[in-house]
Amino acid sequence: MIGWLIIACEIGFWIFVAAGLTARYIVKKKSLGGFLLLCTPLIDLILIAATTIDLHSGTEATIFHGFAAIYIGVTVAYGKPMIQWADERFAFKFGNGPKPEKPAKYGKEHARRERNGWYRHLLAWIIGLVLLMAMILFIDNPQQTESLKGLAGIWTLVLAIDFAISFSYTVWPRKMKAENSKITL
């Protein structure tokens, strides 16, 4: 059940984002659009409540309960930038806004963007790990929470790999490839 709820929450998140941006730029109801965008955190609350109720009823913790914690961590850490990204493109397409800038692909600016992305990942990991640990403490049964501990370990490994990749651009910045590397005689 929780697996389907996570999918429904992700769909609901994007429905609220699309509805908010449509109200803001197409229907020209800026306050309604703002209200709909502010409703996106309600989806996280629904997921937290459903996960807590499911675990409280005695259901064994599964990887899907862990995914619920990860989902919440990711939406808290990345939600605002994702909505801002969508808002810039919607404003350009439907609201006569400026063309969104393309992110830097080379040099120090690219390295800074990669580091900032890792910091967001770290924030998501901290939030998700706190929720995972809260579930483990709430259930208080090591056999029932083995999958949650395993998921926390995998996510920690993914975070470490992301760190190595993201910060490698600081040490070895990506350089622009030469357009015309052919020698003409």
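Partly exposed describes a residue whose relative accessible area falls between two limits: under 20% is buried, and over 50% is exposed. The legends below use these words for a predicted model.

**View 1. Glu88 and Arg89 form a salt bridge.** The closest N and O atoms of Glu88 and Arg89 are 3.5 Å apart. Arg89 has 26% relative accessibility, so Arg89 counts as partly exposed. Glu88 is also partly exposed, because its relative accessible area is 36%. The count for the model comes to three salt bridges.

**View 2. Asp87 and Arg24 meet in a salt bridge between two helices.** Side chains of opposite charge can pair when their charged atoms come close. Here the N to O distance is 3.2 Å. Asp87 lies in helix α4 and Arg24 in helix α1, so the pair ties together parts 63 residues apart in sequence. Which of the two counts as buried, and which as partly exposed? Asp87 is buried, with a relative accessible area of 18%. Arg24 counts as partly exposed, at 22% relative accessibility.

**View 3. Glu109 and Arg112 pair within helix α5.** Their side chains meet in a salt bridge of 2.5 Å, N to O. Both residues lie in helix α5, three residues apart, which is about one turn of the helix. Glu109 is partly exposed, with a relative accessible area of 39%. Arg112 counts as partly exposed at 38% relative accessibility.

**View 4. Tyr25 and Phe90 form a tilted aromatic pair.** The model has nine aromatic pairs by count. In the pair of Tyr25 and Phe90, the ring centres are 6.3 Å apart, with 40° between the planes. Tyr25 sits in helix α1 and Phe90 in helix α4 (residues 63–94), so the pair ties together parts that are 65 residues apart in sequence. Both Tyr25 and Phe90 are buried.

**View 5. Trp118 and Phe163 form an edge-to-face aromatic pair.** Their rings are 5.1 Å apart, centre to centre, and the angle between the planes is 70°. The pair links distant parts of the chain: Trp118 is in helix α5 (residues 107–139) and Phe163 is in helix α6 (residues 146–171), 45 residues apart. Trp118 counts as buried, at 10% relative accessibility. Phe163 counts as partly exposed, at 38%. Trp118 and Phe163 belong to one aromatic cluster with Tyr119 and Phe167.

**View 6. Cys9 is a buried residue of helix α1.** Cys9 lies in helix α1. Its relative accessibility is 4%, so Cys9 counts as buried. What does Cys9 touch, not counting residues up to four places away in sequence? Its contacts are Ile43, Leu47 and Tyr71. Lys108 is 99 residues from Cys9 in sequence and 37 Å away in space, C-alpha to C-alpha.

**View 7. Trp4, Ile7, Ile11 and Ile15 make a nonpolar surface patch.** The patch covers about 470 Å². One of its residues, Ile15, has its place in helix α1 (residues 2–25). Ile15 is exposed, with a relative accessible area of 52%.

View 8. Over residues 34–55 the chain is 95% helix and 0% strand. The end C-alpha atoms of residues 34–55 are 34 Å apart. Over residues 61–79 the chain is 89% helix and 0% strand. The end C-alpha atoms of residues 61–79 are 26 Å apart.

Definitions and conventions: Residues are numbered from 1 along each chain as its sequence is written. This is a predicted model: local features need pLDDT of at least 70, side-chain atom pairs count only at pLDDT 80 or more; totals for chains, interfaces and linings use all residues. Side-chain values use heavy atoms; hydrogens and water are left out. Patches are made of residues with over 30% relative accessible area and no salt bridge: like charges are joined within 9 Å, nonpolar side chains (Val, Leu, Ile, Met, Phe, Trp, Tyr) within 5 Å. Accessible areas come from the Shrake-Rupley method with a 1.4 Å probe; for residues, only the protein chains shown count as cover. A salt bridge is a side-chain nitrogen of Lys or Arg within 4 Å of a carboxyl oxygen of Asp or Glu. Helices (H or I, at least four residues) and strands (E, at least two) are DSSP runs, numbered from the N terminus. Buried means under 20% relative accessible area, exposed over 50%, partly exposed in between (1.4 Å probe, protein chains only). Contact means heavy atoms within 4.5 Å. Rings of Phe, Tyr and Trp (its six-membered ring) pair if their centres lie within 6.5 Å; planes under 30 degrees apart count as stacked, over 60 as edge-to-face and the rest as tilted.
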